[in-house]
Amino acid sequence: MIDASDLLRFREELPFYVNGTSGAESKAFMSECLNKQPDLQAEVEFTQALRSSVKLVGANRREDEGLDRLLQAIEAQQAKTFTYRWKRFLESCSDWGLSPAFAAMAFIAVVQSVILWQSHITGDTLTNAAQYRSMSETVSAADMKLTINPDIGFGNLVVLLRQVGAHIVYGPSESGELWIALDDHSQLKTIAKQLRETPGIIDVIEVGQP
Amino acid sequence: MVELPIPQLSTYLNEIAQGNPQAIGQIYRHYQIPLFAYVRHLVIDDSIAKDIVHETFLTVSQKHQRFDIDGNAKFSTWLCGIAKNKVRTLQRSGRRFIDVGEDFLTEYSTDHSWDLSRNYEDHELSEIMQGCIDKLPEPQREATYWVYYKDMLQEDVAKQFATSLGTIKTRLLHARAKIRDCLGRLDSSWSNKR
């Protein structure tokens, strides 16, 4: 029989004796204990059974079990990154037989287009106003052509046109002609007569489309 | 578990950096089962263990550059470190975590024989022993993994836990005695039924 302190040492070193990592001195000690007290062999076998049980944890799993789920998760994450999108873009270009240089140029063109588009849709008030002023407008049909005396002031002309309910639809031409449309076409004859009698208006001719 | 050779591992990690999903697949195939076994010793629930393994490899795919290929640490140990952190996060969140009380089997009988294992078929014994291991406190379960699954040297186990050799030996001593007690109780119960 071995004494209590040796028994404690035997039991403390047993896990490493069983897993095969004990040093030479420890192995000799364990063998000596087993020779002196053979019933300790039951503890060795119990510990070997424990080790075998632990090694079976997860043994029924396939080596690629859960791999599909992992790859899908990685794919989903990569799809969010710029690098991945750039790589996919290059791969797409390659699939279409385009060179990387062409792909890069195409990419730069796309980026520039986006920048220009962004500036277009997010312009400040002045830019928007300028864009509005430069917009083309459908020319409505003119009712009459006026020949204007060059001496009449622009302000007087504006007041006159507003008084008769008219607006400029074309002109002025090089010879000082303006084509105007009336808000109320039924008053064409009356307004034409009124304008002929107005100083500063040299001539009034009733017309169709300018 | 055999580690992947460093040049091969280095190649895989470089390929992961270049976005090659096949490389992470190779690493996964090599390490996922032992990693599952490790996590299973920490969380005693298969579905949680699977989720932790999944999250761990997802982290590897994102932060592979943090592993020092020229350092002393083994890749499997690095993986286990990531997994353990995830278990700790899960424990702190208090969600989906099952653990036995620390007081279970803290008082155990020494009356049972050591040859209890002879009463069972091998596959029965493995299942019963695993059930008994699940009832151990976590530090004893984890020590059981490093010593019996990974066949680690006692000095390395102590280093892994950042504790003394004596503490590790005591944990293993208590773990083995509690498992024997657990088996003994089941055996007594079974004998009484007969």
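Q: What share of the contacts in chain B with a separation of 6 or more comes from residues 24 or more positions apart?
A: In this predicted model, such residues account for 71% of those contacts in chain B. For chain A, 61% of the contacts between residues at least 6 apart in sequence join residues at least 24 apart.

Q: What makes up chain B, counted in helices and strands?
A: Chain B has 8 helices and 0 strands. Read along the sequence, its pattern is α-α-α-α-α-α-α-α.

Q: How many of the residues of chain B count as buried, as a percentage?
A: The value is 37% of the 194 residues of chain B. To be counted, a residue needs 20 or more other C-beta atoms within 10 Å of its own.

Q: Which hand does the crossing of helix 3 and helix 4 of chain B have?
A: That crossing is right-handed.

Q: Which residues of helix 3 and helix 4 of chain B meet?
A: Helix 3 of chain B brings B:I52, B:E55, B:T56 and B:T59. Helix 4 of chain B brings B:L79, B:I82, B:A83, B:K86 and B:V87. By class, this contact between helix 3 and helix 4 of chain B has 5 nonpolar, 2 polar and 2 charged residues.

Q: What makes up chain A, counted in helices and strands?
A: Chain A has 9 helices and 4 strands. Along the sequence they follow the pattern α-α-α-α-α-α-α-β-α-β-β-α-β. Of the 210 residues of chain A, 15% count as buried.

Q: Which residues make the contact of helix 1 with helix 2 of chain A?
A: A:D6, A:F10, A:E13 and A:Y17 come from helix 1 of chain A. A:S26, A:K27, A:M30 and A:C33 come from helix 2 of chain A. The contact of helix 1 with helix 2 of chain A divides into 4 nonpolar, 1 polar and 3 charged residues.

Q: What makes strand 2 and strand 4 of chain A edge strands?
A: The 4 strands of chain A form an open sheet in the order 2-3-1-4, with antiparallel pairing. Strand 2 (166-170) and strand 4 (201-206) of chain A each pair on one side only, and are the edge strands. The twist averages 35° from one strand to the next.

Q: How do you know that strand 1 and strand 3 of chain A pair?
A: Count the bridges. Pairing needs at least two bridges. There are 4 between strand 1 (residues 144-148) and strand 3 (residues 177-182) of chain A, which run antiparallel. The two strands therefore pair. A:M144 stands opposite A:I180 in strand 3 of chain A.

Q: Which helix packs on the sheet of chain A?
A: Helix 9 (residues 188-196) of chain A does, touching strand 1, strand 2, strand 3 and strand 4 of chain A. Its direction makes about 160° with that of strand 4 of chain A.

Q: Why does A:V164 count as partly exposed?
A: A:V164 has 17 C-beta neighbours inside 10 Å. Buried takes 20 or more, and exposed takes 12 or fewer. The count lies in between, so A:V164 is partly exposed.

Q: Where is A:V164 found?
A: A:V164 is in the loop between helix 8 (154-163) and strand 2 of chain A. Leaving out residues up to four places away in sequence, A:V164 touches A:I191, A:Q194 and A:L195.

Q: How many residues of chain A are in contact with chain B?
A: 35 residues of chain A are in contact with 39 residues of chain B. Helix 3 of chain A gives the most to the side of chain A that touches chain B, with 12 residues. By class, that side of chain A has 15 nonpolar, 9 polar and 11 charged residues.

Definitions and conventions: Residues are numbered from 1 along each chain as its sequence is written. Chains are lettered from A and ligands numbered from 1 in the order in which they are written. This is a predicted model: local features need pLDDT of at least 70, side-chain atom pairs count only at pLDDT 80 or more; totals for chains, interfaces and linings use all residues. Two residues are in contact if their C-beta atoms, placed from the backbone, lie within 7 Å. Ala, Val, Leu, Ile, Met, Phe, Trp, Tyr, Cys and Pro count as nonpolar, Asp, Glu, Lys and Arg as charged, and the others, Gly among them, as polar. A crossing is left-handed if the near helix is turned anticlockwise from the far one by less than a right angle, and right-handed if clockwise. Axes are lines fitted to C-alpha atoms, for helices over the stretch in contact, and angles run from 0 to 180 degrees between N-to-C directions.
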